[in-house]
Amino acid sequence: MESIKWIELLSYTLPAIITGIVAYSFFHLHHKGLEDRRKHLMRKALQKESLPIRLQAYERMVLYLERINPAKLLIRVAPLSDDKNAYENLLIQQIEQEFEHNLTQQIYITEECWTVITTAKNTIIQSIRKSNMSDRVDTSHKLREVILSDLLDKQSPSYVAISYLKFEVIQMIS
């Protein structure tokens, strides 16, 4: 008789436990799906708000790269004297000031893009220093000529970096 009561109790309890476990798992999956959907909608809204800021950062970095392009930099920054070393320092100072002015933009662009920008900046500075060390350079005006003639032989690092930025923007928008 005792074993019959146990079997009877088990026959009522076991289906209730199984139903409880199934209901809990369905509720848990449903809750997880709602949470994932909420996170997705928040992420989408945040991206919608941050896209204009990110695009503005890319625009500013393109402007920076245009301003440090040696051809444009030499037109904008004229030598103050005939001293080639003073002119070299003036050009490098202009590049560094522009860079420091745009330093905060790295928050909004990718790490790879920032690396390309800093590499372009450093390459341009190295190019100016290399041109100044040339035997052909004895005045600041001659330094300008040598830098410009070196640009005719190869593409400016700033244009390479701008191409990379354009590629990233296209990837970001599409």
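A charge sits over a ring if NZ of Lys or CZ of Arg is within 6 Å of the ring centre and within 35 degrees of the ring normal. Keep that in mind for the first view, and remember throughout that this is a predicted model.

**View 1. Lys121 sits over the ring of Phe99.** Phe99 itself counts as buried, because its relative accessibility is 10% and the cut-off for buried is under 20%.

**View 2. Tyr64 and Phe99 form a tilted aromatic pair.** Searching the whole structure turns up two aromatic pairs. Tyr64 belongs to helix α1 (residues 2-68) and Phe99 to helix α3 (residues 84-101), so the pair ties together parts that are 35 residues apart in sequence. Tyr64 has a relative accessibility of 1% and therefore counts as buried.

**View 3. Three aromatic residues join into a cluster.** Ring pairs link Trp114 with Tyr64 and Phe99.

**View 4. Glu88 is a buried residue of helix α3.** Now follow helix α3 to Glu88, which lies within it. With a relative accessibility of 10%, Glu88 counts as buried. Its side chain makes a polar contact of 2.4 Å with the side chain of Asn132. Leaving aside residues up to four places away in sequence, Glu88 touches Asn132 along with Ile128, Arg129 and Leu143. For a sense of scale, the C-alpha atoms of Glu88 and Thr115 are separated by 24 Å, and these two residues are 27 apart along the chain.

**View 5. Helix α6 has a buried side and a face turned away from it.** The last close-up shows α6, a helix of 17 residues (157-173). From its first C-alpha to its last it reaches 25 Å, close to the 24 Å expected at 1.5 Å a residue. Which residues of α6 are buried? They are Ser158, Ala161, Ile162, Leu165, Glu168, Val169 and Met172. These residues cover an arc of only 120 degrees around the axis, which puts them on the same side of α6. An α-helix has 3.6 residues a turn, so residues three or four places apart point the same way. On the face turned away from the buried side, look for the exposed residues Lys166 and Ile170.

Definitions and conventions
Residues numbered from 1 in each chain as written. Predicted model: local features only at pLDDT ≥ 70, side-chain atom pairs only at ≥ 80, totals over all residues. Heavy atoms only, no water. Phe/Tyr/Trp six-rings, centres within 6.5 Å; stacked < 30°, edge-to-face > 60°. Helix = DSSP H or I, 4+ residues; strand = E, 2+ residues; numbered from the N terminus. Buried < 20%, exposed > 50% of the residue type's maximum accessible area, 1.4 Å probe, protein only. Contact = heavy atoms within 4.5 Å. Polar contact = N/O pair within 3.5 Å; in protein donor to acceptor, adjacent residues only side chain to side chain. Expected span 1.5 Å × (residues − 1). Arc of directions from axis to C-beta.
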